[in-house]
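Here is a quick tour of some ring contacts and helix packing. Have the structure open as you read.

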Amino acid sequence: MNPFFNTKITYLKGVGSKRSEILNKEAAIYTFYDILHYFPYKYIDKSKFYKINELQNNINSYVQIKGTVVDIQTIGENRAKRLIVTLQDSTGYIDLVWFNGINYIEKKITKQKEYIVFGKPTIFAKAFNMMHPEITDAEQQEETQTIPIPFQPFYNTSEAMKRSGLDSKGISKILYQLLVSSHQAIEENLPPYLIEKLKLMDRKNAVFNIHFPQSQKLLKLAQQRLKFEEIFFTQLHLIQNKLIRSTKSKGFLLPKVGTHFNNFYHNYLPFELTNAQKKVIKEIRSDFISGKQMNRLLQGDVGSGKTITSLLVMLIAIDNGYQCCLMAPTEILAIQHFNSISKFLNNMDLQIELLTGSTKASKRKQLLEDTKNGKTSLLIGTHTLIENTVVFNKLGLIIIDEQHRFGVEQRAKLWKKNEHPPHVLVMTATPIPRTLAMTVYGDLDVSVIDELPQGRKAIITYHYSQNNRKQLVDFLKKQIHIGRQIFVVYPLIEESETLDLKNLMEGYEAFKNNFPLPHYTVDIIHGKMTIAEKDAAMQGFIEGKTHILLATTVIEVGVDIPNATVMLIENAERFGLAQLHQLRGRVGRGANQSYCILLTGNQLSNDSKKRIQAMLETNDGFEIANFDLKLRGPGDLAGTKQSGIINFKLLDIIKDEKLIVFTRDLAHNILRNDPLLEKEEHYCLKQQLHFLFNTTKNYYQIS
Ligand code: ADP
Ligand code: MG
């Protein structure tokens with residue numbers, strides 16, 4: 001292991017214990033490796049001094065000027081007090097202005113001396129100004145210019161970091177001396193043949209130049225090289241895991257298609273499966289008889305029928321004598337799965353149980369016992385299933401519904417429920433763009449349900465602004481009149497269920513005032529209700545007793561009530577695009593024409609407009625996801641935030657598609673011939689993988 005990179009940051013000259021604590025906490029910098037990979041977010045060309053009469057063309061971008069202080073004044077009182085220092089060069093004057101730290105700056109500056117000033121010029125009252133510039137004595141700067149570099153790196157820092165001297169300059173100082181003193185310790189981690197073939201900069205130079213570039217060209221080369229590393233090692237890791245898993249770890253063989261499956265399929269399945277559903281079941285079947293452990297992602301747009309597909313494969317596992325579990329992200333969804341699956345399998349002698357955070361102690365005890373001794377065939381629940389008290393006798397298959405709602409860690413824990421890893425199927429309606437699938441989910445097999453059940457009518461989406469909401473009343477009445485039901489969803493304003501609830505309650509009042517529909521039953525559902533209350537609210541809606549269900553986003557995923565035909569989204573501008581699409585997917589699940597109504601304020605931001613527009617233009621989840629990716633970047637997508645995998649500093653998951661595809665193929669080729677990286681030339685790769693991935697927990701098993 002590379003002891004240099006692993007050295008604790010405390011031991012770095014100029015850091016010490018207090019600063020190291022701050023670096024840990026504020027920037028997740030723990031080791032030399034971490035700080036060396038704390039890349040600048042921008043660079044400023046300091047090789048040039050601007051003349052004041054050139055500033056006109058450089059308003060609002062950073063410049064460096066050299067001049068003599070000709071005047072120092074403080075003006076104004078109290079909070080309006082400011083220090084104005086006038087600087088002159090051979091071409092003109094500029095006023096440097098400080099609102100804070102006036103005393104400190106005043107002491108530092110003397111009239112008629114020469115200074116170097118660095119900042120962003122602005123024009124105010126036809127004169128040049130610069131707010132809070134950096135200012136250094138010109139003589140001193142020449143003497144103490146420890147970092148002889150043309151480009152100054154800028155690092156992200158927090159208030160706490162700044163307070164302890166770790167502002168951008170402070171960081172560049174400690175980095176500079178680390179790089180100058182220990183440059184040699186940075187060992188190459190790519191084999192020479194790759195460096196040569198791909199014309200990459202060597203690692204030492206790349207790490208140096210990304211912090212202290214000697215020229216634009218060298219900076220570019222450094223970035224290229226380090227970006228390549230980021231994605232290449234991720235790909236190597238993911239693909240190697242997949243190879244190892246498929247060759248070494250044996251999966252349960254589930255060859256039999258037995259009585260439960262056949263009975264259900266032939267006698268109880270209420271509809272013909274779509275071809276896409278059949279295709280997916282075949283793909284999973286082939287995993288079950290391959291002797292390998294399945295790790296498969298099932299993608300299918302909202303309403304494509306993932307649940308029944310997963311139920312059928314669970315029946316296969318049960319027919320082979322194994323237990324299954326199905327994990328859902330919300331209690332409401334878990335209850336719904338439990339109810340609908342219990343109903344589907346009503347005529348079969350199978351024990352199906354529901355476990356959530358609110359399962360009563362006595363019930364829980366019995367259920368856990370039954371699960372442990374194998375009586376329970378199918379356990380359905382929320383993330384409670386992950387708890388250590390949940391022990392299976394013979395767990396053969398795990399299904400994770402709406403997997404993007406779970407953190408990778410949660411999934412990995414479930415994976416470990418069995419000594420022998422069970423088969424895993426994760427399902428999502430959030431289509432994952434190609435590049436993301438190749439990186440975050442690089443070790444998963446992917447199945448797609450790319451077809452909706454027959455007879456579905458495309459959902460019609462409307463946009464109404466608050467001013468026009470009264471027009472909606474007739475429309476809603478008519479829908480109820482012809483026997484349909486309506487969801488009204490209120491946005492999550494804060495990440496707080498209490499505020500969320502307040503919002504719903506206010507919405508409820510507003511709804512009664514704005515939509516006078518006195519003859520209809522209105523009910524509400526939200527996360528703070530008990531399991532029994534939620535169940536009752538959902539049941540009332542399913543049975544058609546409730547006409548209008550007002551809800552928080554708890555119903556966002558999975559909820560399946562075919563008779564509901566209107567999804568009215570209040571403050572739609574507050575929702576993300578993926579969320580809007582998910583919500584829309586709560587309707588259009590039966591044969592009736594369904595509608596999604598986006599109610600927004602009158603004034604919309606540009607981004608909100610784009611999101612609403614995208615919703616109006618397409619019903620296709622893939623298009624929506626691609627659009628979302630463009631709008632937001634990958635950080636928020638598909639639970640990647642929690643995953644920690646997308647911790648790319650240089651790689652842009654959209655723009656660097658070519659590089660991603662290239663490195664993926666490259667990693668494949670290398671591993672095809674040398675799966676364990678045992679060849680001497682690949683020793684450096686093996687070392688680096690070990691360094692990057694074995695020090696953290698192995699979350700990569702599922703995705
Ligand atoms: P999702 O993929 O969003 O989880 P669901 O599994 O909830 O979708 O299915 C949506 C609805 O479509 C359910 O009411 C389900 O019973 C129904 N469904 C599923 N497959 C078919 C099919 N092949 N034909 C008709 N209806 C189907
Ligand atoms: Mg679903």
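## Rings, charges and helices

Lys 649 lies over the face of Phe 39, 5.9 Å from the ring centre. Keep in mind that this is a predicted model. There's another lysine to look at: Lys 42 has its charged end over the ring of Phe 154, at 4.9 Å from the centre.

Now for rings that pair with other rings. The count of aromatic pairs comes to 22. Two of them are set out here.

| Pair | Centre distance | Plane angle | Class |
|---|---|---|---|
| Phe 4 and Phe 5 | 5.4 Å | 55° | tilted |
| Tyr 462 and Tyr 595 | 6.2 Å | 10° | stacked |

Why is the Tyr 462 and Tyr 595 pair called stacked? Their planes are at 10°, and planes under 30 degrees apart count as stacked. This pair ties together distant parts of the chain, 133 residues apart: Tyr 462 belongs to strand S17 (residues 460-465), while Tyr 595 belongs to strand S22 (residues 595-600). Is each of these tyrosines buried or partly exposed? Tyr 462 has 34% relative accessibility, so it counts as partly exposed. Tyr 595 has 13%, so it counts as buried.

Back at Phe 4 and Phe 5, both residues are buried. They also belong to one aromatic cluster, along with Phe 32, Tyr 33 and Phe 691.

On to the helices. Two packed helices are described by the angle between their axes and the distance between the axes.

Take helix H10 (residues 216-247) and helix H26 (residues 683-693): their axes come within 10 Å and cross at roughly 90°. H10 and H26 are therefore roughly perpendicular. On the H10 side, the contact involves Glu 229, Phe 232, Phe 233, Thr 234, Leu 236, His 237 and Gln 240. Facing them from H26 are Leu 685, Gln 688, Leu 689, Leu 692 and Phe 693. Sorted by class, the contact of H10 with H26 has seven nonpolar, four polar and one charged residues.

How do helix H22 (residues 606-617) and helix H23 (residues 621-632) cross? Their axes come within 10 Å, at an angle of roughly 170°, so H22 and H23 are roughly antiparallel to each other. Here Asp 607, Lys 610, Arg 611, Ala 614 and Met 615 of H22 meet Ile 624, Phe 627 and Leu 631 of H23. The contact of H22 with H23 has five nonpolar residues, no polar ones and three charged ones.

Methods. Residues are numbered from 1 along each chain as its sequence is written. Chains are lettered from A and ligands numbered from 1 in the order in which they are written. This is a predicted model: local features need pLDDT of at least 70, side-chain atom pairs count only at pLDDT 80 or more; totals for chains, interfaces and linings use all residues. Side-chain values use heavy atoms; hydrogens and water are left out. Rings of Phe, Tyr and Trp (its six-membered ring) pair if their centres lie within 6.5 Å; planes under 30 degrees apart count as stacked, over 60 as edge-to-face and the rest as tilted. Buried means under 20% relative accessible area, exposed over 50%, partly exposed in between (1.4 Å probe, protein chains only). Helices (H or I, at least four residues) and strands (E, at least two) are DSSP runs, numbered from the N terminus. A charge sits over a ring if NZ of Lys or CZ of Arg is within 6 Å of the ring centre and within 35 degrees of the ring normal. Axes are lines fitted to C-alpha atoms, for helices over the stretch in contact, and angles run from 0 to 180 degrees between N-to-C directions. Angles under 35 degrees count as roughly parallel, over 145 as roughly antiparallel, 65 to 115 as roughly perpendicular and the rest as oblique. Contact means heavy atoms within 4.5 Å. Ala, Val, Leu, Ile, Met, Phe, Trp, Tyr, Cys and Pro count as nonpolar, Asp, Glu, Lys and Arg as charged, and the others, Gly among them, as polar.
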